[in-house]
Amino acid sequence: MRLEIIAFSARFSPAAALVLGRIGEYRKVLAFTMQQTATSTASEPLAEKIRNRGARVGIVGLGYVGLPLAVEFAKAGFHVTGIDVQESKVDTLNRGESYVQDVPTEVFRPLVESGHFRATTDFSEVASLDTLNIAVPTPLRKTKDPDMSFIVSACQEITKHLKPGSLVILESTTYPGTTDELVLPMLEAPGRKVGEDFFLCFSPERVDPGNPVYQTINIPKVVGGITAECTKLGALFYSQALEKVVPVSSTSVAEMVKLLENTFRMINIGLVNEMALMCDRMGINVWEVIDAAATKPFGFMPFYPGPGLGGHCIPIDPFYLSWKTKQAGIEARFIELAGYINGYMPHFVVDKIQNALNDQTKPLRGSRVHVLGAAYKRNIDDLRESPALDILLLLDKRGARVSYSDPFIPTLKLDGLSLASQDPIEASIASDCVVIVTDHAAFDYGTIASRASLVVDTRNALRGRSGSNIVRL
Ligand code: SAJ
């Protein structure tokens, strides 16, 4: 009423018009503050529970990402409930045992004993949880299309039980737009409104399995929300347990950050693999070239050629991006080309083995070829997408008698091949050719180099050693 009176009189005096202008600004400021306060009011109860550790934390997917994250929040004083569909994992964890290399059982067990962590397969427990991190697999189908089934089934369960006012954060690596286009509608379907009835963010998982320096607690955590309030809440949540949080303006930005990081690696590995092919053809030592280039103190970052690209991320994540960009009408040509080159490396290695045996007048067919290292990278126990598996299969297909050693992987079953890890020294001495595929620190490279009749080294593990029996990538 008061504002209307001033408006009426303003037509008759400049002073009144000035006052009206000021009031107009005041109303805008008031509206903005109200809006902020209103949103803050919606998230304030949860924010307070997060600050005082009263928030019940839920982690869906207890793998190499989910379990280390659960441990950090349990260590920070929260009560954490891990949810996983695999009963065996849940039972193992509830016994206080860890199956994730980066989570030692001696660190994990006290958290279970103190009640700060428990695991379950029962999604109805979501109803009692205030925050939910989703860290489920996002594999590719054979057609290189994203397989979203794990995210969809997790969200189908979550939306049935989601507690009002809770915070949901997707961590699984995926294409830009997933949180907004796929997860948000599933959670709003029952009539909820994001930013009021629940809060939703994306935060890329950044785990470097086996990295002795960078673990979950000290890897900066990027987080972007559907609304500004969601972002603030997500940042507040992570700041309780992790050393550095990097808020960004949206879920799509956060999704794209991860894809840039891993596409950067995949393409640079593809580049250096192509350099290896070129140097091989020209008789140049690519390892020496890279080491010398790495002396450049700026503008260069060394990557190294290898037998191919393994792991659950680098060979896969970039194809989430190329799949999405194709829909947007743009070809991700670098990704496709790097994928082709990286995928060719196992074939190149087997050709190298065949040629090296040939130089010793030994046909590959019938020769004993021993593979050192089956995991996808050194000093870990993960076989996913490991190029060693491709190499073993290709050698077997060409008639070689294959065997392997890997201190982390006692047995291997793949496409009719059933192998057990051999003693690396004995098997290397007994073989016609040893191929170093994964350069685990546990191998005695000096003895292998001196005692094996032929060594094909795809990782430069024998750097500085020479001998007519050594062939490098
Ligand atoms: N590789 C090469 N040459 C290189 C580097 C790696 O051939 O110069 C190969 C490795 O042997 C392996 C594959 O590429 O087969 C992936 O290696 P990686 O070192 O990227 O190992 P990941 O996939 O376990 O971990 C990566 C993280 N690694 C690093 O940043 C060092 C990081 O990209 C992500 O945090 C993580 O994937 C993830 O979870 O996305």
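**View 1. Cys201, a buried cysteine in a predicted model.** In this predicted model, Cys201 is tucked away from solvent, with a relative accessible area of 0%. Its closest cysteine sulfur belongs to Cys230 and sits 5.5 Å away, too far for a bond, because a disulfide needs the two sulfur atoms within 2.5 Å. Go by that cut-off and the count of disulfides comes to zero.

**View 2. Cys313, another cysteine in no disulfide.** Here the nearest cysteine sulfur is that of Cys155, 19 Å away. Cys313 is buried too, with a relative accessible area of 9%.

View 3. Ala254 is buried, and its relative accessible area is 0%.

**View 4. Helices H11 and H12 crossing.** The axes of H11 (residues 317–327) and H12 (residues 333–359) come within 9 Å and cross at roughly 140 degrees, which makes H11 oblique to H12. As for handedness, the crossing of H11 and H12 is left-handed. On the H11 side, the contact is made by Pro318, Phe319, Leu321, Ser322 and Lys326, while H12 brings in Ile335, Glu336 and Gly339. Sort the residues of this contact by type and you get four nonpolar, two polar and two charged.

Note on methods:
Residues numbered from 1 in each chain as written. Predicted model: local features only at pLDDT ≥ 70, side-chain atom pairs only at ≥ 80, totals over all residues. Heavy atoms only, no water. Buried < 20%, exposed > 50% of the residue type's maximum accessible area, 1.4 Å probe, protein only. Axes fitted to C-alpha atoms, helices over the stretch in contact; angles between N-to-C directions. Helix = DSSP H or I, 4+ residues; strand = E, 2+ residues; numbered from the N terminus. Parallel < 35°, antiparallel > 145°, perpendicular 65-115°, else oblique. Left-handed = near helix turned anticlockwise from the far one by under 90°. Contact = heavy atoms within 4.5 Å. Nonpolar A, V, L, I, M, F, W, Y, C, P; charged D, E, K, R; others polar.
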